[in-house]
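Work through the exercises below with the sequence and the structure side by side, and try each task before reading its solution.

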Amino acid sequence: LGFGKTMVPEFAASWVSCNYANGCSMNPYNRLLTTGGSSGGSGSAVASYIAPVAFTEDTGGSTRHPAYQNHNFGYDPSRNRYPNAGNPGMSYTNDQVGINARSMEDVLTFDKAYLDIPEIYEAVSAKTPEAKDIKIGVPRYPFVEYYAHEGGENSFDFPVYPKRQLVSANIEKKYREVIETLERVGVGVVSEEWSERNGRNAVADLLEFRTVNGKRLPKLIPMHSFTGQMAEFILTYLNASVALSDIAADIYAAGEGHNPLGFFDASRSTDESQLRYMIGEHTREMVEVWNSYFDEHGVDLILTPGQFCDAITYTCQANSTCTIRRGEGFEGESIEYTDA
């Protein structure tokens, strides 16, 4: 068996896989497209047939996004399904190892062999339900449309309701086509949203309206430990005499898609009490809110678009012009497909 290393952006802190040492990983389908990030090198290697499967590292989309950009299948399992040792991580809660492969069959074959669990796969296969016995939820918020609420935490400057951010017209069209296909083969599709808590969508209430130490709990609170974990990686794996301030001074931004330094700021703008709350009570409530959708609507899984914009080009991410719709009044618009 042949093994190799693939590239990531600086400390895996970007959706664009470029760095000073190796330049940019190339997309085999179109050199103008990025390979995604942060595991864009893995996604490119699989799509280029260099390898049938590649490990990825995910904090907030670094398995899913390279799969999306490179026409792969991404598997982002629960934390510690695969050994996390050697993965420096950006947080203590969100980081886990996943994989990219060219087919779902390859994903399952690797998972079964790597974990040596053929008996579990056999037992599950014997219970595979028919399409008519499957129910899939398709809530729009926060996966198809997203908006902040007046008075809520909005450090990313999302549109405030009734204004919204929506997936691109192309992705909306394809998403609808997938739903219609599922319905034609007999799958039950549930078009319901999360129930309300405190007068608003339960997910929005959880994400925007928790207060710790007199401040709204920021969405980047899991990254509070990022710079500390980075320093530990530099010491343990690189044994390098490099200060974090030197690294920060050497990092550049390129539009909305590439700004690793933004994650450094999360360590400075959050506090330890917020982190402890997030790891304890907030995580417990996140699980409760997530599971509530399955319990209330009896669904087996939730179907979402892979990302909000069309395939990302180096130009659109650098100029912050990728095709996300922001504003209001989208319900009656005509959606036409264009190549992207």
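**Exercise 1: the lining of a pocket**

Task: Find how the lining of the second largest pocket divides into nonpolar, polar and charged residues, and then find which residues lie nearest the centre of this pocket.

Solution: Sorted by class, the lining of the second largest pocket holds 29 nonpolar, 15 polar and 5 charged residues. The model is a predicted one, and the volume computed for this pocket is about 1,800 Å³. The next step is to look at the 49 lining residues, of which Gly4, Lys5, Thr6, Ser42 and Phe55 lie nearest the centre. Last, turn to the secondary structure: at least two lining residues come from each of helix H1 (40-47), strand S3 (53-58), helix H3 (104-115), helix H7 (226-238) and helix H8 (244-250).

**Exercise 2: a serine in a loop**

Task: Decide whether serine 25 is buried or exposed, and list the residues that it touches beyond four places away in sequence.

Solution: Begin by locating serine 25, which sits in the loop that runs between strand S2 (23-24) and H1. Its relative accessibility is 7%, and because buried means under 20%, serine 25 counts as buried. Leaving aside residues up to four places away in sequence, serine 25 is in contact with Met7, Ser17, Thr35, Gly40, Gly41 and Tyr314.

**Exercise 3: the largest nonpolar core**

Task: Identify the members of the largest nonpolar core that touch the most other members, and then follow the contacts of valine 138.

Solution: The largest nonpolar core has 26 residues, and those touching the most other members are Val138, Tyr141, Trp194, Val289 and Tyr293. Two or more residues are given to this core by each of helix H5 (169-184), strand S9 (188-190), helix H6 (202-208) and helix H10 (272-297), and the largest share, 4 residues, comes from H6. Valine 138, with residues up to four places away in sequence not counted, touches Tyr175, Ile179, Val189, Val190, Ser191, Tyr293 and Leu303. There is also a second, separate core of 10 residues, with Met90, Met223, Ile234 and Ile247 among them.

**Exercise 4: helix H5**

Task: Compare the span of H5 with the expected value, and find what its buried residues pack against.

Solution: H5, with 16 residues, reaches 23 Å from its first C-alpha to its last, which is close to the 22 Å expected at 1.5 Å a residue. Its buried residues are Asn170, Ile171, Glu172, Tyr175 and Ile179, and these pack against helix H2 (64-70), S9 and strand S15 (325-327). After H5 comes glycine 186, which has a positive phi near 100 degrees.

Notes. Residues numbered from 1 in each chain as written. Predicted model: local features only at pLDDT ≥ 70, side-chain atom pairs only at ≥ 80, totals over all residues. Heavy atoms only, no water. Core = buried A, V, L, I, M, F, W, Y, C linked by side-chain atoms within 4.5 Å. Buried < 20%, exposed > 50% of the residue type's maximum accessible area, 1.4 Å probe, protein only. Contact = heavy atoms within 4.5 Å. Expected span 1.5 Å × (residues − 1). 1 Å grid on protein atoms, 1.4 Å probe; cavity = no way out; pocket = protein on both sides within 12 Å on 5 of 7 lines; lining within 4 Å. Points joined across faces, edges and corners; volume = space filled by probe spheres on them. Nonpolar A, V, L, I, M, F, W, Y, C, P; charged D, E, K, R; others polar.
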